[in-house]
Structures are given as structure tokens and as C-alpha cells.
Amino acid sequence: MESGYIIEGQSLKIVKYVSSISKGVTYDLVFCSYDGYEGILAIARSNAGVILCKKSMIGRIHPNKKKNQVLVFVDNPRFEFTRIAKRITRSTNLESNKVIVGGVISPTATIADSAKIGRDCYIGDHVVIGKDCIIGDNTMIESKVNLQNCIVGDGCIIQPNTTIGYDGFAFERCPDTLELEKFPHYGKVIIENDVEIYANCSIARGSLSDTVIGQGTKIDALCHVAHNVSIGKNTELTAGTIIGGSTTIGNNCWFGLNSTVKNKLKIGNKVIVGSGSSVINNIDDEDIVAGVPAKSIKNKITINKEKLFLMAGQYHK
């Protein structure tokens, strides 16, 4: 850790894992990049054992003695977290449990001993399923799919050459050398039931939280979903859609061809995003946006009600 850091709380504290500030528990290391009231609130609500905080928070927040907490004040909590997290490993042990009843697994597939495969699945040629992955019942995984760090629900279809569960693209720059430090990824990809993912897609695992694809969502070919993204139920991403990291998307949305969504946005329920649009702002429920940058065009829409309902379940007046 950088020189000049200041510690409040128990001087000796065992840290076993890393987590996000909202989900951290006793033996977790987390960080808080917020200042002022937002920072005070986030730290006060956290159950994490060790919290890296900004030096500007000194005197404004103190460790919770009942939680046996330690606060470490540094110049850049996120950067220090990135460096420390590399030394902390998290291991899980799941028993080997491949259930193939009524299913087909290609002899050319590579499946880790700790992976779990449900009943009546199809696992195609040259599929790779990494350690501790879980595949639900009646799921079809077609040729040359690579699954790591993920849980796939029942009745899913994953088409050829799709990659799921590798690290996302996230780096912190060292203030002294300007070198790039890779931000750690410990999360998974959670794919709920009845999701379809078409060919040549890429879905990154979460960094500190999970990437989540909600039940019934359909993702067309050549889409990219970055780390920590959460997509609701029955949403459609058409071909070429790119979703930036840590974005939250609601239920029953529709994204047009080659649309892009900036990172850390919140997209409401039943939203329609026009083809080729670049979304750089949050979108309210049942809005329709288009353009670069994307702006609301709902009041100008002449499309028929049936089409709107098919796309996003909207009943446009």
C-alpha cells in the first residue's frame, strides 16, 4: 500500500476476500471512492471488515466498533484496491456432478471436473466449460462456445463461437509511472432461465459484482456485454449492440442494430433504442430514443401500436 496511509480501528485485521462496499462482510476488503455525504452513507452502511477510503474523509467518518471495522485512508482507494486485490485469491470447491440423462455431450468438448451439467443438455463440438461452471437442465450449448466463471439456467441456447465469463476491460493508471494496472475480476456471469445468446457474442464476468442476464432475454449475434452489467427480463439486444460496463437495463427493452450504451447508465423498463443510436444519458421507463447522441423521440413516433408492443410491450397513446 502507498506510503502516508492512515488507519483507524483494529490495527491487525485478517482479510480473506474482496468485494463491493455494499456486499462486503467481516473478512472482505472493499473501497469507497465517494466524498462527502455520499461517502459517509456508503461507509456507514457497509459491513465490510476493511474499507479503503479517501483521505478527504478523515474525521468525517469513523470505523464501526460493533462491526470490528478498519478504515484505511489513502489518496486513491480504487487504485490501492486494484493493487492489493491481486494478492488475495478466492477459491470455491464444487463437487463434480455431471448429469447427462437424455442429453448429448460431444467427445470433443472439454469440461472441467468441478463443472456441473444438468439433465437433457446438448454440449456441442469443441465446447469448453471451465471449473465450477453450472449448466441448468435442457440447455443447448453449440460448437466452440467457451464458458468460464458462469452459471447458466434452464432452457438456454448459446450459439457457436460465443465467449462468456472472461475478464472485462478495466484498468487503473498509476499516478507515478502512468502504467496501467488491471482491475481485478472476481465476479461471475449469471444467465437466468430461457435466455438465448446468438453467435459470436462476448459477455464479460463481473469485477466485484456479477454480470446478470435476466430470464427470457435474447441477445443477437456480435453483441458485447461488459462487466457488471445487469439486464432485466425479456429484453432484446439486436445484432451489434454494445453495452458499457456497470450499466443497468430494465425489463422488456429493445435495442436496435449497432446501438451503443455508455457505461454506468440506468435504462428503465420497456425502453426502445433506435438502430445506430449512441446512448450517453439515463433513460426513463417507456421512453423511445434515437440518434447520436440519443434523444427522446417518443412524441414523434408514428409506428403502429402492435409494433411497439412487440418490441417493448409499450401501449403508446
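Trainee: Is Tyr 27 buried, partly exposed or exposed in this predicted model?

Mentor: In this predicted model, Tyr 27 lies in the loop between E2 and E3. Its relative accessible area is 39%. Buried would require under 20% and exposed over 50%, so Tyr 27 counts as partly exposed.

Trainee: Which residues form a nonpolar patch on the surface with Tyr 27?

Mentor: The patch has about 300 Å² of accessible area together.

Trainee: How many of the nine residues of helix H2 are buried?

Mentor: Helix H2 spans residues 77-85 and is mostly covered. Among the elements that cover its buried residues are strand E3 (28-31), strand E4 (50-54) and strand E5 (70-74). The buried residues include Phe 79, Phe 81 and Ile 84, and the count is seven.

Trainee: Which strands stand at the edges of the open sheet?

Mentor: The sheet has nine strands with parallel pairing, in the order E8-E11-E14-E17-E22-E25-E28-E31-E34. An edge strand has a single partner strand, so one side of it is left without a neighbour in the sheet. The strands in that position are E8 (110-111) and E34 (278-279).

Trainee: Which residue in E22 stands opposite Thr 163?

Mentor: Strand E17 covers residues 163-166, and strand E22 covers residues 202-204. These two strands pair in the parallel sense over three bridges. Opposite Thr 163 stands Ser 202.

Notes:
Residues are numbered from 1 along each chain as its sequence is written. This is a predicted model: local features need pLDDT of at least 70, side-chain atom pairs count only at pLDDT 80 or more; totals for chains, interfaces and linings use all residues. Side-chain values use heavy atoms; hydrogens and water are left out. Two strands pair if DSSP finds at least two bridges between them. Helices (H or I, at least four residues) and strands (E, at least two) are DSSP runs, numbered from the N terminus. Buried means under 20% relative accessible area, exposed over 50%, partly exposed in between (1.4 Å probe, protein chains only). Contact means heavy atoms within 4.5 Å. Patches are made of residues with over 30% relative accessible area and no salt bridge: like charges are joined within 9 Å, nonpolar side chains (Val, Leu, Ile, Met, Phe, Trp, Tyr) within 5 Å. Accessible areas come from the Shrake-Rupley method with a 1.4 Å probe; for residues, only the protein chains shown count as cover. A salt bridge is a side-chain nitrogen of Lys or Arg within 4 Å of a carboxyl oxygen of Asp or Glu.
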